[in-house]
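Q: I would like a close look at one part of this model, followed by its setting among the other parts. Please keep the account connected.

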Amino acid sequence: MSFLRFLYTCVRLMLRGGWAYWCWVLLLLALVAWGADAYLTQFKDGLILSNMRDEVSWGFYVGNFTFLVGVAAAAVLLVIPAYVYEWKPIKEVAILGELLAISAIVMCLLFVIVDMGRPDRFWHVIPFLGVLNFPRSLLAWDCLVLNAYLGLNVFIVVYLLYCTYVGKHYNKALAGPLILFSVPLAISIHTVTAFLYNGMPSRPFWNASILAPRFLCSAFCSGPAIMIIVFQILQRTTRLKIQNEAIWKVAELMAYAMFLNLFLLGAEVFKEYYSATQHLVHFQYLFSGFHGANSLVVYSWAAIACSVISFVLFLVPATRRNFVTLNLGCLLIYTGVYIEKGIGLVVPGFTPSILGEIYEYVPTLNEVRIGGAVFSIGFLVFTFLCKIAVPMMTGEFRTAGLAEPGSESAGDAHAGTPVVVT
Amino acid sequence: MSEPTTAPTPENNEHMLPEATTLAVLLILFFAIGILALASIMMGRPEAEGAAADAAVAHGPAEFESILGEDFTLGLDTASKERGHFAVPPPPFSKGIYPCSECHGDLEPDDTRRKLEDEHQEIKLEHGGEERWCLDCHDFKNRDKLRLANGTLIPFEESYRLCGQCHGDKYRDWRAGVHGKRTGYWNGAKRYLLCAHCHSPHSPKFKPLHPLPPPIKPQYIRK
Amino acid sequence: MSMTPDLPCSGSCAGGGVAPPPPGADADLPAGVSRREFVEASAKMLAAVALVSGCDTNVEEFLQKNFRELTPEELRQVVARLEKKYSEAAGKPVTVTTTPPLPNTLFGYGLDLSRCVGCRRCAYACARENNTSRSPQIQWIRVLELDKEKGVDLTHANAYYNPETVPQEDKFYMPVACHQCAKPPCVKVCPVKATWQEPDGIVVIDYNWCIGCRCCMAACPYGARRFNWGEPDLPAAEVNPHTHYLGNRPRMKGVVEKCTFCIQRVREGRYPACVEICPVGARKFGNLLDPESEIRVIMRQKRVFVLKEEIGTEPKFFYFYAT
């Protein structure tokens with residue numbers, strides 16, 4: 001009963017907002033509608049409306065999927081220090097990381113669905129209902145771990161918020177192990193996604209054992225980059241206060257992750273260019289163009305430039321603590337990793353094709369519209385989740401009269417424990 | 001990074017406000033550049049070569065006599081599906097030329113090597129150079145037969161025996177089904193083509209073909 | 001030793017010659033009453049979802065199980081439904097057979113690179129035989145033009161050559177289709193077991209089970225798999241009415257397809273269409289378990305190689321040089 005009231009409160013919290021909030025929501029809804037229209041056409045006519053063809057059979061959708069799995073996995077960057085090292089400033093905002101993870105996984109699953117040729121047969125993938133090729137198929141693994149990760153995060157978030165709502169302290173014996181379990185699970189979702197590519201000897205560009213570590217490193221850059229921006233926006237639009245210390249700590253960890261990312265990329269590039277086997281063609285296509293096909297070259301170099309510049313910005317304490325350069329660094333990291341893991345990973349794997357054909361893939365407007373809709377849904381989910389979570393974390397919802405009756409006194413005693421109250 | 005920092009106070013917050021503007025500017029710039037980049041990728045696609053370009057059109061099998069005309073269901077004599085049995089289609093005679101005896105029966109045979117001027121001028125012997133001429137294969141007396149080196153007369157349907165005299169390796173491969181075209185049943189009766197079906201005996205080099213058109217290139221596949 | 005099995009009559013197989021699902025195909029799937037009930041309940045829900053979502057697939061088709069999980073009775077119903085559907089669309093009787101693999105048979109294919117002239121007759125005959133989409137065009141066989149000077153180097157291959165005559169002096173030609181690998185990477189990666197290897201070595205796809213994720217296309221080292229990017233268009237007049245469930249029956253949009261060695265022909269003892277059309281006799285086909293078959297003679301006597309041997313897929317498609 002009280003849980004129903006909790007859900008009701010959540011809805012009411014979602015619907016509270018000023019004109020800026022509603023403009024933001026309407027903008028996202030408009031984008032969703034625009035993309036939904038594109039998706040309906042694709043559902044009717046098939047993936048021929050994309051620019052994917054037999055030669056490049058994965059593209060924009062799968063690239064975004066890969067990138068977003070990384071973002072989802074990156075929530076652990078906040079969880080590890082928060083719960084393992086009991087590092088307070090980060091612990092206070094770890095729940096935001098989990099909200100981001102939930103939104104990112106939702107986007108991942110949507111990107112998988114829009115990429116399917118037969119979305120109406122989605123039930124074939126559902127364990128016990130369909131026929132899952134488990135454990136042989138990495139995509140089957142991916143389905144399982146992604147959904148497990150989604151379920152776990154949803155449970156943790158709902159549980160923590162519900163506890164806050166009814167004003168009791170969460171059960172450490174229950175939440176603690178679950179939160180700790182989400183750490184290996186987060187690593188595993190990205191590892192499995194890397195293995196999905198990695199396990200294909202037919203595609204030498206992906207068939208490198210360094211791929212999974214690279215995935216994790218770049219994820220530990222891109223996810224927190226989004227978080228840092230989100231922290232600042234929330235700090236200015238809500239009563240949530242996040243200590244700068246937490247942000248700087250995250251930025252420092254990002255610098256290390258970016259160093260590793262660049263190092264692993266360098267190792268891969270060295271191996272390919274120095275040994276210069278037939279497999280080099282894919283790297284050539286990415287970095288210098290191949291037989292006149294060079295539409296990716298400028299983006300791959302831009303990605304490297306973004307990564308290097310942001311690495312420097314985050315490494316130097318002065319620029320890390322200056323919010324202008326910090327934000328610039330975040331956006332550069334985001335750009336760099338998005339290019340590297342999105343189109344820069346998927347397309348060169350297929351170009352030149354196995355039979356030596358060069359088909360330059362670029363997404364169609366239809367694909368971009370659908371992708372935009374998926375991102376908008378993810379942003380909407382995240383916005384709503386924040387809208388619910390932040391007032392609960394700050395205890396603000398009580399003053400608005402939305403609290404569980406009778407929890408007032410108990411709530412005051414514990415409200416400050418999981419969150420910062422200024 | 002462990003030095004203690006001052007906790008954010010309202011003053012600090014005031015101080016940070018201009019950074020909110022820079023964040024907004026940065027975000028707007030970021031999205032603007034992103035949209036521009038996406039747009040430029042989508043526009044800059046090198047595909048506007050038009051229908052005149054190579055492999056821009058899809059062709060179907062129904063357009064080609066050689067495909068549509070081929071009868072995949074062969075009227076093979078399935079009564080003899082036994083391994084080792086092979087049927088050959090009739091030899092590829094020029095129209096109305098066989099039986100040879102219709103003309104040659106009344107002619108006095110002449111075994112002097114010469115250039116043919118009255119009949120068969122179209123035959124240009126490009127098989128083995130100067131050493132070869134008509135009566136190496138055709139029988140001097142019975143023109144409806146071919147003649148092996150040992151004097152045995154064979155019908156045109158068994159011409160492979162004649163070819164096999166010189167091309168022993170090909171003959172061996174042909175019998176095993178490795179050389180030449182085989183149709184019918186992989187586990188039963190087969191139809192073998194004679195050497196002469198593919199190689200004109202007088203000019204055996206395989207004649208070039210006009211290829212069927214290339215598949216459509218992926219960039220031209222559109223709804 | 002007679003290698004001549006009874007050849008099933010093509011027309012009568014639809015009802016009577018139903019293949020039992022191969023034994024041990026899905027031993028790892030839990031089966032039982034509770035599961036069945038669960039499946040049925042969920043299936044009804046899914047059907048409702050399908051109707052609401054307005055997809056034109058009919059409910060029966062929507063709920064159809066994986067080919068290898070169908071009982072013989074269910075399979076009969078499925079085949080009858082498909083035959084009706086295809087016959088109506090084609091305006092002529094179309095048969096859908098489910099001819100099972102022949103005993104003691106493992107199919108192998110040989111392609112003589114010293115003979116192939118690159119005329120592409122095989123690619124078009126294949127399209128005709130196998131009911132591939134005419135628009136958007138799908139061809140299972142891709143003929144590559146390669147430089148004699150460079151040898152088998154696929155990075156310099158050209159599939160779009162179009163000279164007046166072939167063969168060109170300095171080129172050779174290499175047709176590529178599904179290699180029916182003994183260790184098929186495509187089967188390994190499929191998340192829903194929509195593609196598998198049959199006992200006679202043919203890798204097949206259940207077009208009604210494929211979800212269109214295209215993992216198999218990424219995993220295939222021979223670029224042999226094709227995707228129905230749009231609704232396949234096959235003029236009724238061009239439909240080959242003799243089809244096999246796992247082979248050349250008409251496909252739908254959003255699923256993957258590929259060469260099956262003409263499963264509808266070879267399981268009845270006949271040669272694949274590409275073998276029969278090849279004007280130079282470069283294509284050879286036979287039973288790898290029969291030491292006297294053409295393909296075994298070739299492997300014994302000729303210089304044979306498989307493409308991308310180092311990947312370890314163990315193709316049953318052998319390129320060779322007869323001379």
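How many helices and how many strands does chain A have?

A: The model is a predicted one. In it, chain A has 18 helices and zero strands. The radius of gyration of this chain is 22 Å, close to the 22 Å that the globule rule gives for 422 residues, so chain A is as compact as a globular protein of that length. Its C-alpha trace spans about 70 × 50 × 40 Å along the principal axes. Of the 422 residues in chain A, 53% count as buried. When contacts in chain A are limited to residues at least 6 apart in sequence, 78% of them join residues at least 24 apart.

One helix pair of chain A can be described in detail. Two packed helices are described by the angle between their axes and the distance between the axes. For helix 3 (residues 60-73) and helix 9 (residues 211-237) of chain A, the axes come within 7 Å and cross at roughly 70 degrees. Angles of 65 to 115 degrees count as roughly perpendicular, and helix 3 of chain A and helix 9 of chain A are therefore roughly perpendicular to each other. On the side of helix 3 of chain A, the contact is made by Gly70(A), Val71(A) and Ala73(A). Helix 9 of chain A brings Phe215(A), Ser218(A), Ala219(A), Ser222(A), Gly223(A) and Ile226(A) to this contact. By class, the residues of the contact between helix 3 and helix 9 of chain A are five nonpolar, four polar and no charged.

Chain A also touches chain C, in a contact that takes 40 residues from chain A and 51 residues from chain C. Elements of chain C that each supply at least two residues of the side touching chain A are helix 1 (33-52), strand 3 (142-147), helix 5 (185-189), helix 6 (215-219) and strand 7 (226-227). Helix 1 of chain C gives the largest share of that side, six residues. The side of chain C that touches chain A divides into 33 nonpolar, nine polar and nine charged residues.

Chain C has a contact with chain B as well, taking 49 residues from chain C and 40 residues from chain B. Here helix 4 (121-129), helix 8 (273-277), strand 10 (283-287) and helix 9 (294-301) of chain C each supply at least two residues of the side that touches chain B. The largest share of this side, six residues, comes from helix 4 of chain C. Its residues divide into 25 nonpolar, 12 polar and 12 charged.

Chain B itself holds six helices and five strands, which run α-α-β-α-β-β-α-α-β-β-α from the N terminus on. Buried residues make up 17% of its 223 residues. Among contacts in chain B between residues at least 6 apart in sequence, 58% join residues at least 24 apart.

Within chain B, helix 4 (residues 159-166) has Tyr160(B), Leu162(B) and Cys163(B) buried. Seen down the axis of helix 4 of chain B, these buried residues fall within an arc of 155 degrees, so they line one face of the helix. They pack against strand 2 (146-147), strand 3 (153-154), helix 5 (168-176) and helix 6 (195-198) of chain B.

Definitions and conventions: Residues numbered from 1 in each chain as written. Chains lettered and ligands numbered in written order. Predicted model: local features only at pLDDT ≥ 70, side-chain atom pairs only at ≥ 80, totals over all residues. Helix = DSSP H or I, 4+ residues; strand = E, 2+ residues; numbered from the N terminus. Rg over C-alpha atoms; globule rule 2.2 N^0.38 Å. Buried ≥ 20, exposed ≤ 12 C-beta atoms within 10 Å, placed from the backbone. Contact = placed C-beta atoms within 7 Å. Nonpolar A, V, L, I, M, F, W, Y, C, P; charged D, E, K, R; others polar. Arc of directions from axis to C-beta. Axes fitted to C-alpha atoms, helices over the stretch in contact; angles between N-to-C directions. Parallel < 35°, antiparallel > 145°, perpendicular 65-115°, else oblique.
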